[in-house]
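Hello,

I am handing over the structure we spoke about. Please look through it first; my notes on what was found follow below.

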Amino acid sequence: MGIVTLSVETLDQHRVLVAFIVLLSYPIYNSLYNIYFHPLSHHPGPKLWAASRIPFIYSLLTGQLIQRTKEFHEKYGDFLRLAPDEVSFASEQAWNEIYAFRPGHKRALRDKAYYVAPESNVDNIITTTDFKFHARVRRILSSSFSEGSLRAQYSLINSKADLLVSQIQRLTASSKEGARVNMTDWLNFFTMDVISDLAFGESFGCLERGDYHEWVHTLFAFLKYMSLAAAPRYYPTVEFILKMFMPKSVMEGQRKHMAYAREKITRRIDLKSERPDFMTPFMKNNVNFESVSREEIVETFNFVIIGGSETTATAMTGIFNHLTRKENKHVLEMSTREIRDKFSEKEEITFDTIQCLPYLDAVINEGLRMCNPVPGGLPRVVPAGGDTYCGTRLAVRTFAVNRSDKLFENPNTFIPGRWLPDDQRPKEYSQDNLAASKPFSVGFHSCLGRPLAWLEMRLVIVKLLLAFDLAVDNGDMVNFDHFPVIMLIQKLPMRIRVRNRN
Ligand code: HEM
């Protein structure tokens, strides 16, 4: 009895210490469990990352995740444990195993920690985990991206590319030396104007003004929110507390973004016009909203605007960054020569003629490999009855694949030649596993906008290299690889000296 009283008294005296020990023992127990007893414990990988999700989140928020993941793959091999419940892959075959249809295997779902429609109860093509809903929307939306639709949209896209050229000509005309042009902005203006015209039915007018539309600033705040918001979602029980630390301006930006998109998309639906954009083919297959409701269209188109503008602008920024680097002078010369040999004037540039430039295609493929706009990967979750432990998160980590020296010779060097046909490919690159680079993913959710993205990239590069001579002043050189990556690439200004050719 005396001993019991003494223990209770001692405990009482050291309440804080006891509480501290109890609080500490849970994470310690949890970490030891994760490392040694978790069903994924036999997978290779860094022990600290297997113990807790915190190193992953820290690296995500400090922009080091893609680099750390690549280093881990170099050390541990093609697959490894990147967090207690997550396996990361860096091989070609993992693309099909995770993302594509395989008879007899259950389909992995999109990871809700990443794919969330903020402040909305309505699903969209990107965030849904409902297969039937996804198939329904994807089937109808595909018609907006078919070759026929793209041909119809060409003159609108072409007029934006012409405006891009004429606006840059205006900036550079006053001096023989040309001008230093921030190409990060101008390429963004182009993709934003194209996508707003195709999705909203009216252009943001960024190219005309030479400035971002207010909504684009809001969009950037929204994208930042999406990236930051992924971190707390790994801890659903405390998500609401962590959300309280989210800057008010970011939350406000998100609200404004949604309101603006809703208004514009609703207006475009009600216009019932036949203009050659995304909505016309979409509504032909959905006349009375029988397959996709008005709200679902708004949410889906809203994501198309994000997915269809930032990505292409990022890829083009990366391509122009590499083309204008001093060490790639010969690449710029070869690209320019191919384009100027084929076209003497801009009228010769058409939907079909820009598809017959093999070196340009090699440059774009190499740009997509080195400057993949979605470098982190596309996380999925194993369903009940799936290939491995239910709830395991899986992803091919794109940056780790694209920069793997097991898959590509000199993986950190910009070598378009590796993409040329076998008889023109330099010998040292003949063993490259080109199929491992899949910037548009594969399978159920592969990119619908791929043909549009290729059209935009070909058109802009052709028009700019035909009209201008490009170089970079000493001191202006930036390195795309040094741009911060918090889920998406946070592009910095990139000044290129542009001289009018004529
Ligand atoms: C270089 C440019 C682009 C890249 C690298 C890219 C990449 C991707 C990737 C990797 C996915 C798969 C996402 C996932 O599985 O979670 C995707 C999906 C998608 N992309 Fe793109 N994209 C680009 C441009 C575009 C454009 C221009 C549009 C349209 C305007 C677009 C529309 C879409 C849509 C609608 C999906 C969802 C497909 C689905 O879930 O079924 N993308 N994109």
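**Notes on the structure**

This is a predicted model.

*Cavities*

The residues that line the second largest cavity are Ile-35, Ser-41, His-43, Pro-44, Gly-45, Pro-46, Lys-47, Ala-50 and Arg-81. By class, this lining holds four nonpolar, three polar and two charged residues. The space inside the second largest cavity comes to about 40 Å³. In total, the structure has four cavities of 30 Å³ or more.

*Ligand site*

The ligand contains an iron atom, and its only protein donor is the SG atom of Cys-447, at 2.3 Å. Cys-447 sits in the loop that runs between α18 (398-402) and α19 (450-467).

The ligand is surrounded by 29 residues, and the closest are Tyr-115, His-134, Arg-138, Arg-380 and Cys-447. Two of these have side-chain N or O atoms for which I can give a distance to a ligand oxygen: for His-134 the value is 2.7 Å, and for Arg-138 it is 2.6 Å. His-445 also has a polar side-chain atom 2.8 Å from an oxygen atom of the ligand.

Which helices supply at least two residues each to the shell around the ligand? They are α7 (131-142), α15 (294-323) and α19. The largest share, five residues, comes from α15. Sorted by class, the shell consists of 17 nonpolar, nine polar and three charged residues.

*Second largest pocket*

The second largest pocket has a volume of about 420 Å³. Its lining is made up of 25 residues, and those nearest the centre of the pocket are Glu-97, Ile-98, Arg-102, Asp-387 and Leu-394. Both β2 (86-89) and α6 (92-99) contribute at least two residues to this lining. The element that gives the most is α6, with three residues. The lining of the second largest pocket divides into 14 nonpolar, five polar and six charged residues.

*Annotated span*

An unreviewed UniProt entry places the feature "transmembrane region" at residues 16-36.

Regards

Terms used
Residues numbered from 1 in each chain as written. Predicted model: local features only at pLDDT ≥ 70, side-chain atom pairs only at ≥ 80, totals over all residues. Heavy atoms only, no water. Donors = N, O, S within 2.8 Å, 3.2 Å for Na, K, Ca; no water. Helix = DSSP H or I, 4+ residues; strand = E, 2+ residues; numbered from the N terminus. 1 Å grid on protein atoms, 1.4 Å probe; cavity = no way out; pocket = protein on both sides within 12 Å on 5 of 7 lines; lining within 4 Å. Points joined across faces, edges and corners; volume = space filled by probe spheres on them. Nonpolar A, V, L, I, M, F, W, Y, C, P; charged D, E, K, R; others polar. Near = heavy atom within 4 Å. Polar contact = N/O pair within 3.5 Å; in protein donor to acceptor, adjacent residues only side chain to side chain. UniProt positions renumbered as here; feature names shortened; annotations may be inferred.
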